[in-house]
Structure formats: C-alpha cells, structure tokens
Amino acid sequence: MDRYQSHYSFLASRIPDIKQEQRSTGVLSTLRQADFEAHNILRESGYAGKISQMPVILTPLHFDRDPLQKQPSCQRSVVIRTFITSDFMTGIPATPGNEIPVEVVLKMVTEIKKIPGISRIMYDLTSKSPGTTEWE
C-alpha cells in the first residue's frame, strides 16, 4: 500500500466526508476547469506578473453536508495558493488585500463555485518555510 492510500485510510476512518479519490477523466476535468478559471482571472486582473506560482489543488473534501443524511460524499474542494518568491528557496503567500486585491480572489471563488461538484474553495496562506513552494 502506498503512502497516499494509507494516509487516506487513516483520515477516512476518522472524517467521513473525505472520499477516496481516483484520477479519472472527470476528476481531472474538474481540476483543469478550476485551474483555468483561477489563472484566467489572475491574468485579466493584471496580477499574474506579481505572483510567482499559483497551484490550484482539488481535494477530496466535501463540506456542508447534512450529517443526518446517509448519502455518500460526491463533491470536492479547491485550494488556491498564491505564492511570491524571488528564489523559490523562501517565499510568502500573496495575502488578499495586500499583495493581491480581495476582489480578484473573490472573483476566483465565484467562478470556481460555478463548476459542478465543488463544495468549497479554500485559500492557502502558508509561507516557505515551513511549507514548500508546491502543495502537499
């Protein structure tokens, strides 16, 4: 069993709204659509040159479900991580209201929420270090 599978099994046994993720065509299509919307808005805003990296991550977390319903988890969440660095050895998040306008982030959220199957959009404010420039 690989590390991902054992990590998933541990979490899923404790958090019922985490669903096991398969890299299917539909899942990848959802990720590509969210990535396209976020990057398109960043480009249109004129802030793409100020952000060094912006991974858009699709997670198997389904929020806002009625716990009394016994329906299986069917939605995912998106994480946006805007990152600013000059050397990729250290860096800071692009904080809404400081390095990136709040309106730009809210427009990303609005457009990504229109994608079917998206439960929530989260914004990662991790700096490096302790985090990495990628998202894990």
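**Helix 2 against helix 3.** I looked up how helix 2 (residues 25-45) packs on helix 3 (residues 102-113) in this predicted model: the angle is about 150 degrees and the axes are 9 Å apart. I took axes as lines fitted to C-alpha atoms, for helices over the stretch in contact, with angles from 0 to 180 degrees between N-to-C directions. The angle makes helix 2 roughly antiparallel to helix 3 (over 145 degrees). Helices (H or I, at least four residues) and strands (E, at least two) are DSSP runs, numbered from the N terminus.

**Residues in contact.** I listed A34, E37, A38, I41, L42, E44 and S45 of helix 2 as meeting V104, K107, M108, E111 and I112 of helix 3, contact being heavy atoms within 4.5 Å.

I found three strands in an open sheet of order 1-2-5, with mixed pairing; two strands pair if DSSP finds at least two bridges between them. Strand 1 (56-59) and strand 5 (118-123) are at the edges with a single partner strand each, so one side of each lacks a neighbour in the sheet. Strand 2 (residues 76-80) runs parallel to strand 5, joined by five bridges. I noted V79 opposite M122 in strand 5.

**Helices on the sheet.** Helix 2 touches strand 1, strand 2 and strand 5, and its direction makes about 145 degrees with that of strand 1. Helix 3 lies across strand 2 and strand 5, at about 160 degrees to strand 5.

**Basis.** Residues are numbered from 1 along each chain as its sequence is written, and side-chain values use heavy atoms, without hydrogens and water. In this predicted model, local features need pLDDT of at least 70 and side-chain atom pairs count only at pLDDT 80 or more, while totals for chains, interfaces and linings use all residues.

Note on methods:
Angles under 35 degrees count as roughly parallel, over 145 as roughly antiparallel, 65 to 115 as roughly perpendicular and the rest as oblique.
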